[in-house]
Amino acid sequence: MKFQAIKGTRDILPPDSTLWNQVEQTAREVFASYNFNEIRPPIFEQTELFARSIGAETDVVAKEMYTFEDRDDSSISLRPEATASVCRAYIEHGMQTLPGNVKLHYMGPMFRRERPQKGRYRQFYQIGAEVLGQSDAPAIDAEVIEMLLAFFEKAGLANATLSVNSIGDKNCRPQYIELLRAELQKVKAQLGPDSQRRIETNPLRVLDSKLPEEQAIIENLPRIADHLCDSCRTHFAKLQDELKLRGILYEINWRLVRGLDYYTRTTFEIVAPGLGSQNAVCGGGRYDGLVELLGGPPTKGIGFAIGTDRLILSLQETGKAAAKKGLDVYVAWMGEKSYAPAVKLARKLRDSGFAVELPPEEMKFKKSLGLADKLGARYALIIGEDEVASGQLTLKHLADGRQQKYSEAGLLEHLRETRQT
Ligand code: ATP
Ligand code: MG
């Protein structure tokens, strides 16, 4: 029996995991600078939480969730996204009593049973953030987008493009959907089976279609921008002013609707290069009303979710992946008497923040240095019995073979001075 990772899941291995950590660390730093704090919700929840919030008719809930019966017969699902959990937590912990807007970020695995392909997995990862509170000021939407782009810039993602749209609210969207449905009925025969089905279940999703034969038909459908109510129209105009104020470039994509039911007004998406057809690296939008739908107080909300797998792929494909910080010192000890000093010195170097490899068993000098080379160490620190007796340690720079003797204090000082960040 040969075990393998389940289809659509994968191991993130070194050196890739180093890049993952750097990207996640960058997110933590940038989000903290915008005063967001981390929430770590559980990975599974009651199935009903997702069905209610995302929408029972959506693909995510209808086809893609990993749902199982727990031993007490309750229905549980692995989270396909985290906004529902954040809203559930907001209600459960009475966060509406906290001062100001509640600004939370999260990162972790999500689960959707989709057809695995490049940039699409069954266990994938998201980095996301949400703002919940009493205000729906467009400045919040714009600041969230600014933070997102600041993060992408710091992470090294070049040429990301931002699209925005407004999909109205409960005052104007229902009428638009009815109009859209009526227009879609007229062209039903020319549409594929998926879009035909969506005329009934979720007509907005037809706008998302990538089928070449449907594109000309979709171009002629009524556009929501022409059917927004006054307050949604004003909100969208102010959002654009706020984006311009921040020097953020964007394009308006009237077909940007997002797959989850709970969105209202602002929706946005970011597309990155190097990803083929799975090129959306972030989706987000406003979801005023979601907290209330889940049984909480009237609350405004906006957030986004970045597909971390795709972000990393894009960084790698565009050559922007940050260099891996490698092994600093390989401690080449030889002779029984040098072992104890080597262990102690390794600990000191590690405490000072250097990455150190200490061979667990004695090795022949040549073999030991050969391994230091293969591991990509910057330095080999040679500790033989002579070195222990004299207190002078030999540091060998592996790239050019230069050697120099140091006392322990001198060694630490030299390493600190030449430290690679
Ligand atoms: P897509 O149109 O690519 O299916 P989506 O609309 O389903 O995306 P969201 O639910 O908005 O995506 O999730 C936000 C982000 O999460 C996406 O932009 C994408 O980067 C990422 N994502 C979604 N599903 C997957 C998946 N199965 N594998 C990897 N990343 C994913
Ligand atoms: Mg999807």
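Which strand gives the most to the shell around ligand 1? In this predicted model, for which local features need pLDDT of at least 70, side-chain atom pairs count only at pLDDT 80 or more, and totals for chains, interfaces and linings use all residues, strand 10 gives the most, with four residues. Residues are numbered from 1 along each chain as its sequence is written, chains are lettered from A and ligands numbered from 1 in the order in which they are written, and side-chain values use heavy atoms, with hydrogens and water left out.

The surroundings of ligand 1 comprise 15 residues, the closest being Arg112, Glu114, Tyr121, Arg258 and Ala280, where a residue is counted as near if one of its heavy atoms lies within 4 Å of the molecule. Strand 6 (123–133), strand 10 (280–286) and strand 11 (300–307) each contribute at least two residues to this shell; strands (E, at least two residues) and helices (H or I, at least four residues) are DSSP runs, numbered from the N terminus. Divided by class, the shell holds six nonpolar, four polar and five charged residues, with Ala, Val, Leu, Ile, Met, Phe, Trp, Tyr, Cys and Pro taken as nonpolar, Asp, Glu, Lys and Arg as charged, and the others, Gly among them, as polar.

Polar contacts to the ligand were assigned to pairs of N or O atoms within 3.5 Å; within protein, one atom must be able to donate a hydrogen and the other to accept it, and residues adjacent in sequence count only if both atoms are side-chain atoms. A nitrogen atom of ligand 1 lies 2.7 Å from an N or O atom in the side chain of Glu114, and an oxygen atom of the ligand is placed 2.7 Å from a polar backbone atom of Ala280. A distance of 3.5 Å separates an oxygen atom of ligand 1 from a polar backbone atom of Gly307. Of the 590 Å² of accessible area that ligand 1 has on its own, the protein covers 87%, as calculated by the Shrake-Rupley method with a 1.4 Å probe, in which, for residues, only the protein chains shown count as cover.

Eight strands form an open sheet of mixed pairing, in the order 1-5-6-11-10-9-7-8, two strands being taken to pair if DSSP finds at least two bridges between them. Strand 1 (37–38) and strand 8 (251–252) stand at its edges, each with a single partner strand, so one side of each is left without a neighbour in the sheet. Strand 6 and strand 11 are antiparallel and are joined by eight bridges, and Ala129 stands opposite Phe304 of strand 11. Arg265 belongs to strand 9 (residues 264–271) and has a phi near 50°, a positive value in a residue other than glycine; with a relative accessible area of 8%, Arg265 is buried, a term used for values under 20%, with exposed applied to those over 50% and partly exposed to those in between (1.4 Å probe, protein chains only).

The domain assignment, which is automatic or taken from a database, gives domain 1 (16–172 + 228–317) and domain 2 (329–417), and the centres of the two domains, taken over C-alpha atoms, are 48 Å apart.

Strand 14 (residues 379–383) pairs with strand 15 in the antiparallel sense over four bridges, with Ala380 opposite Lys396. Ala380, at 0% relative accessibility, is counted as buried, and its C-alpha atom is 9.4 Å from that of Gln403, a residue 23 positions away in sequence. Strand 15 is also joined by four bridges to strand 16 (residues 403–406), with the two running antiparallel, and the bridge partner of Leu395 in strand 16 is Gln404. Five residues lie between strand 15 and strand 16 in the hairpin that they form, and Gly401 in the turn has a positive phi of about 80°.

Two further backbone features were identified. Pro14 and Pro15 are joined by a cis peptide bond with omega of about 5°, and Pro15 lies in the segment before helix 1 (16–33). Asp73, in the loop between strand 3 (67–69) and strand 4 (75–78), has a positive phi near 75° although the residue is not glycine, and Asp73 is exposed, with a relative accessible area of 59%.
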